[in-house]
Each structure stands twice: as structure tokens, then as C-alpha cells.
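Please have the sequence and the 3D view open while reading.

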Amino acid sequence: MLDATVATLKMLAFSGIFTIILGLPLGIVLYLWGRSNNIVIRVIYSVLSLLVNILRSVPFLILMVALIPFSKSIMGTSIGVLGTIPALVIGAAPFFARLVETALREVDRGVIEAAQGMGASTGQIVMRVLLPEARPGLLAGVTITLVTLVSYTAMSGMIGGGGLGDLAIRYGYYRYEKEVMIISVVLMVILVQLLQMAGDRLVRFFTRK
């Protein structure tokens, strides 16, 4: 049980980090290109937006199975913690990117225009205006994404991904050990609650600031 919990935490930590690293700039690009008047950029935005929507629409279990060859080619294995991370990131990054885009759209347009009036570049507006102003929304997006990743790690147990999901399926379901399944579910519920509580606290803290 301890090993399964540690494996779940590892999957959550590594996939969460890479999801943020990929999803944050992708969300910023979607926001900037979505507001552009350049026809070429608008076309690229439409293609990128469609790709993001497709990845978000594919059920994670199907996506994970489809990515088995890809995961094996870059990680050397398609099972365990390492084999699951690519699918987790590819499944969650587009989801997080949309949350980032939504959070940035909620920033007061007047603040952005004021920065533009002072001659700020696009990069300066993003770093000094958009991201600080959207911080509560971004933190809420991170929280939602991490909670979603917990459920994804559970589904990874269907293909030997390890962690609490794998433990619940292999021992709780296939071997009819109900106690193992119940304990696994309780631990995952506790993990989700802790993530949600921590995220809510951060959102309230930065909202007050």
C-alpha cells in the first residue's frame, strides 16, 4: 500500500510539473493568437485550437492505450511510473492550457491597455500584467488539473501504470479483496481533498493581495 501511494505521488508530481511547463506557455499562446488580427496567425490559432480540443476530447484511457508505442519509445517502457508520465502530460496539458487561456481572458482589459499605452512590449505585458493579474485563476487551474491527474493516475492502473489505481484493480477487483479497493479509494479521496484545500487557500491568499 505504501509503495502504491508513493508511486501515485511520483506520477502526480512529475506529470504535474511537465503539464504546467507545457500547458502554461501553450495557454498564453492561445490567448495572444486568439486576439490577433493577423490572418496567418488566426489560421494557425484555429489549427492549434482544434488540436487542443481533439486531445481534450479523447477519453484518457483510449489516449493512454494509443500512446503506448510513443511512451515506450521515449521512456523505454510503457508500464509503471515512467511509462505513464507521457500519457498523463499529453492528456492534461491541453486541458490546463484552456484553463490558462480562460484565466488570462478574465484580466481587466483596461489594465492591459494602460500597459500598452506606456509602451510595454508583448513580453512585458505577459510577465508583468497578465500573469500577476490572473494569478488566482491560474492557481485555481493548477488545482483543477492536479485533481484531474489523480483520476488519470487511477485509470493508468488498467494498463499496469502502477500506483493506487493499479493496486485497486489488480488486488481489489481481480482478486476480490474489497478491503484493498476501499483503502485505495479512501487514500485517493484524501489526496484530492488535500490538493483542493491547498489550492483554495492559495487562491484566497492571492485574491486578497
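The sections below cover the basis of the model, its salt bridges and the setting of one serine.

## Basis of the model

The structure is a predicted model, in which local features need pLDDT of at least 70 and side-chain atom pairs count only at pLDDT 80 or more, while totals for chains, interfaces and linings use all residues. Residues are numbered from 1 along each chain as its sequence is written, and side-chain values use heavy atoms, with hydrogens and water left out.

A salt bridge here is a side-chain nitrogen of Lys or Arg within 4 Å of a carboxyl oxygen of Asp or Glu. The count by this rule is three salt bridges.

E101 pairs with R98 in a salt bridge whose closest N and O atoms are 2.6 Å apart. Both residues belong to helix α5 (residues 80–105), where E101 and R98 are three residues apart, about one turn of the helix. Helices are DSSP runs of H or I with at least four residues, numbered from the N terminus. E101 and R98 are both buried, a word that means under 20% relative accessible area, with exposed meaning over 50% and partly exposed in between (1.4 Å probe, protein chains only). For E101 the relative accessible area is 2%.

E101 also forms a salt bridge with R105, and here the closest N and O atoms are 2.7 Å apart. R105 and E101 are separated by about one helical turn because they are four residues apart in helix α5.

## The pair in helix α6

What is the distance between the closest N and O atoms of E113 and R109? In this salt bridge it is 3.6 Å. Because E113 and R109 are four residues apart in helix α6 (residues 109–117), about one helical turn separates them. E113 has 45% relative accessibility, so it counts as partly exposed. R109 is partly exposed as well, with a relative accessible area of 35%. Salt bridges with shared partners join R98, E101 and R105 into one network.

## The setting of S184

S184 is placed in helix α10 (residues 178–208). Is S184 buried or exposed? S184 counts as buried because its relative accessibility is 1%.

The side chain of S184 reaches the backbone oxygen of V180 at 2.8 Å. Contact means heavy atoms within 4.5 Å. Apart from neighbours within four places in sequence, S184 is in contact with M1, L164, L167 and A168.

Technical notes. Helix = DSSP H or I, 4+ residues; strand = E, 2+ residues; numbered from the N terminus. Polar contact = N/O pair within 3.5 Å; in protein donor to acceptor, adjacent residues only side chain to side chain.
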